[in-house]
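Here is a friendly walk through one protein chain, taken a region at a time. Keep the viewer open as you read.

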Amino acid sequence: MPPAVLTERLTKRYGKRTGIDNLDLEVSQGEVFGFIGPNGAGKTTTIRLLLDLLHPTSGRAEVLGMDAHRDSVEVRRSVGYLPGDFGLDARLTARQLLSYFARLRGMDDLGQADRLANRLSLDLNLPMGRMSRGNRQKVGLVQALFHEPPVLVLDEPTTGLDPLVQEHFLQEVREVRDKGRTVFLSSHILSEVERVCDRVAIVRGGRLVALETTESLLEKRRRQVTMVFDRPVKTTFFEKLPGVSEVEAQGNSVTLRLHDGIDAVVKEAARHTLVDMSIIHPTLDEVFMAYYEETPA
């Protein structure tokens, strides 16, 4: 089974400016892959290269084993795409637009359009010129999903959606994955990536700076450990332990940051009378900022 998405040393330059530089990615079929970074990091450039909307300066890209440039028509048949700047004809209703797209794809009906519209609370018969920004985004999501493509490429998909609709959309993403289909999700909203993605790639200035499972990415960052003892404890015992930093004491409590395994901290705490202990894992936002602070531009 070929990867859903494969890039090898994929590079795009705009004169002296680099959009993406030597990007190597492999996305398996049936996973939700988060591609994250701030605006200008190279996310949209990468997506446009995958869909042959841009041509690479060097390197190559494949979707489902098909060359993104040579087999671009077949690639687009296999992909549901939501661009970050989805445009609409204000004169049409959403149903008319989807009917047009369905005919282009050789479909006899609107597939999953009505089910998706109901889930996202979207009126398909409303003229798009009268829609709010959030409803226009819903139309974009429906047109990407309604034909049940094997690969979804979504660029900032929850822009303009209210929290309840965002939750319905994320549930739809989980169900798509459960059916063995692939979601390539570009976003700068880290909380949604943390909730649905199996793996995450972080890009900065067009370069890949991290590629991890969401779980391992979070595990690698500093956890906050708070211990409460029956009496004050000297912090020097903990400051000498490997992977420990920012040790602070207040009354009977000791708080520290932990980079590595917790075994040494637990064993040291056990030398005293431990009343309570809590561990706070970092959010993906904290992980993301740490990578940006530590990685040279």
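Let's begin with Val228, a residue of strand β11, which covers residues 223-229. This is a predicted model, and in it Val228 has a relative accessible area of 26%, so the residue falls in the partly exposed class. Once neighbours within four places in sequence are set aside, Val228 is in contact with Asn252, Ser253, Thr273, Leu274, Val275 and Asp276.

## An open sheet and the helix on it

Next, turn to the sheet. Four strands make up an open sheet, with antiparallel pairing and the order β2-β1-β4-β5. Which strands are at the edges? They are β2 (17-27) and β5 (66-67), each of which pairs on one side only. Strand β4, residues 58-63, runs antiparallel to β5 and is joined to β5 by two bridges.

Is α1 mostly covered or mostly uncovered? It is mostly covered, as six of its eight residues are buried. The buried residues of α1 are Lys43, Thr45, Thr46, Ile47, Leu49 and Leu50.

## Positive phi angles

Arg9, in strand β1, is not a glycine, yet its phi is positive at about 50°. The side of the story told by accessibility is simple: Arg9 has a relative accessible area of 52%, which means that Arg9 is exposed.

Leu64 sits in the loop between β4 and β5. Its phi is also positive, near 55°, in a residue other than glycine. A further case is Asp52, which follows α1 and has a positive phi near 65°.

The largest nonpolar core has 43 residues, and Val142 and Val183 touch the most other members. Leaving out residues up to four places away in sequence, Val142 touches Leu98, Ala113, Leu116, Ala117, Leu120 and Leu122.

There is also a second, separate core, made of 28 residues. Among them are Phe33, Val63, Val151 and Phe184.

## Aromatic pairs

How many aromatic pairs are there? The count comes to four. In one of them, Phe33 and Phe184 are stacked, with 5.7 Å from centre to centre and 15° between the planes. This pair links distant parts of the chain: Phe33 belongs to strand β3 (residues 32-36) and Phe184 to strand β8 (residues 182-187), 151 residues apart. Both Phe33 and Phe184 are buried.

Tyr100 and Phe101 form a tilted pair, because their ring planes are at 45°, with the centres 5.9 Å apart. Tyr100 is partly exposed at a relative accessible area of 42%, and Phe101 is partly exposed as well, at 22%. Returning to the phenylalanines, ring pairs link Phe33, Phe35 and Phe184 into a cluster.

Finally, have a look at Arg174 in helix α6, which covers residues 163-178. Why does Arg174 count as buried? Its relative accessibility is 18%, and the cut-off for buried is under 20%. The side chain of Arg174 is joined to that of Gln171 by a polar contact of 3.1 Å. Not counting residues up to four places away in sequence, Arg174 touches Glu167, Arg195 and Val196.

Glu268 is found in helix α10 (residues 263-269). With 11% relative accessibility, Glu268 also counts as buried. Beyond residues up to four places away in sequence, Glu268 touches Phe237, Phe238 and Leu241.

How values were computed
Residues are numbered from 1 along each chain as its sequence is written. This is a predicted model: local features need pLDDT of at least 70, side-chain atom pairs count only at pLDDT 80 or more; totals for chains, interfaces and linings use all residues. Side-chain values use heavy atoms; hydrogens and water are left out. Two strands pair if DSSP finds at least two bridges between them. A nonpolar core is a set of buried Ala, Val, Leu, Ile, Met, Phe, Trp, Tyr and Cys residues joined through side-chain atoms within 4.5 Å. Buried means under 20% relative accessible area, exposed over 50%, partly exposed in between (1.4 Å probe, protein chains only). Contact means heavy atoms within 4.5 Å. A polar contact is a pair of N or O atoms within 3.5 Å; within protein, one must be able to donate a hydrogen and the other to accept it, and residues adjacent in sequence count only if both atoms are side-chain atoms. Rings of Phe, Tyr and Trp (its six-membered ring) pair if their centres lie within 6.5 Å; planes under 30 degrees apart count as stacked, over 60 as edge-to-face and the rest as tilted.
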